[in-house]
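Here is a short briefing on one protein chain. Keep the structure open beside the text and find each part as it comes up.

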Amino acid sequence: MKNKIGNKIYQITTMNYNDKLICVDLDGTLCEWEFWGEWEPNPKKNRIKFLNENVYQKWWHVIIYTARSPEFYQITLAWLIKYWVKFHWISMFIKPWADLYVDDKAVSDKTFFND
Ligand SMILES: [Mg+2]
């Protein structure tokens with residue numbers, strides 16, 4: 001038997017077979033600048049709104065992935081909640097498998113290798 005909290009956890013961690021995973025970078029993508037733990041970065045509100053309204057729970061499961069050290073997990077989580085970023089997981093310092101990656105420092109392989 002599950003309580004309300006248990007059901008909520010079950011809902012947000014359950015994926016349908018056709019769901020896709022998208023990894024969205026944090027620093028420079030959803031907020032300005034790089035994060036060094038010394039100040040609170042400004043949110044890119046239009047991008048957060050787009051993510052929330054057009055991606056989250058519309059066949060996509062959103063992973064916020066960041067190169068930030070896990071020691072900044074709490075401050076990172078607090079920032080995401082403060083600015084209403086909808087996501088399913090946070091991955092810190094590890095690149096998870098996904099169907100799509102969105103990153104301010106990314107370039108597609110075809111563009112990079114020009115083939
Ligand atoms: Mg970045």
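Predicted model: local features only at pLDDT ≥ 70, side-chain atom pairs only at ≥ 80, totals over all residues.

**A pair across two strands**

D25 stands opposite Y65 in β2. The strands β1 (residues 20-25) and β2 run parallel and are paired over six bridges. From there, the briefing moves out to the whole sheet, then to the core and the loops.

**Overall layout**

- The protein contains four helices and four strands.
- Along the sequence, these elements follow the pattern α-β-α-β-α-β-β-α.
- Of the 115 residues in the protein, 14% are buried.
- Take the contacts between residues at least 6 apart in sequence: 68% of them join residues at least 24 apart.

**The sheet**

- In what order do the four strands lie in the sheet? The order is β3-β2-β1-β4, in an open sheet with parallel pairing.
- Two strands sit at the edges, β3 and β4, and each of them pairs on one side only.
- From one strand to the next, the twist averages 25°.
- Strands of a sheet pair through backbone hydrogen bonds, and the pairing can be parallel or antiparallel.

**Strand by strand**

- β2 also pairs with β3, in the parallel sense, over four bridges.
- On that side, T66 stands opposite M92 in β3.
- β1 and β4 run parallel too, joined by three bridges.
- There, I22 has L100 in β4 as its bridge partner.
- β2, helix α3 (residues 73-82) and β3 together make a β-α-β unit. Is this unit right-handed or left-handed? It is right-handed.

**The buried part**

- Why is strand β2 (residues 60-66) described as largely enclosed by the rest of the structure? Five of its seven residues are buried, so the rest of the structure largely encloses β2.
- The largest nonpolar core has 12 residues in all. Among them are I22, C23 and V24, as well as V62, I64 and Y65.
- β1 and β2 each supply at least two residues of this core.
- L26 belongs to this core as well. Leaving aside neighbours within four places in sequence, L26 is in contact with C31, I64 and T66.

**The loop around E32**

- E32 lies in the loop between β1 and α2 (45-54).
- Is E32 buried, exposed or partly exposed? E32 counts as partly exposed, because it has 13 C-beta neighbours inside 10 Å.
- E32 and N42 are 10 residues apart along the chain, and their C-alpha atoms are separated by 5.5 Å.
- Setting aside neighbours within four places in sequence, E32 is in contact with P41, N42 and K44.

**Two residues with positive phi**

- F93 is not a glycine, yet its phi is positive, at about 75°.
- Where is F93? F93 lies in the loop between β3 (89-92) and β4 (100-102).
- F93 has 13 C-beta neighbours inside 10 Å, so it counts as partly exposed.
- N114 is also a residue other than glycine with a positive phi, near 55°.
- N114 is found in the segment after α4 (109-113).
- With 5 C-beta neighbours inside 10 Å, N114 counts as exposed.

Methods: Residues numbered from 1 in each chain as written. Buried ≥ 20, exposed ≤ 12 C-beta atoms within 10 Å, placed from the backbone. Contact = placed C-beta atoms within 7 Å. Pairing = 2+ DSSP bridges. Right-handed = clockwise from strand over helix to strand, strands pointing away. Core = buried A, V, L, I, M, F, W, Y, C linked by C-beta atoms within 7 Å. Axes fitted to C-alpha atoms, helices over the stretch in contact; angles between N-to-C directions.
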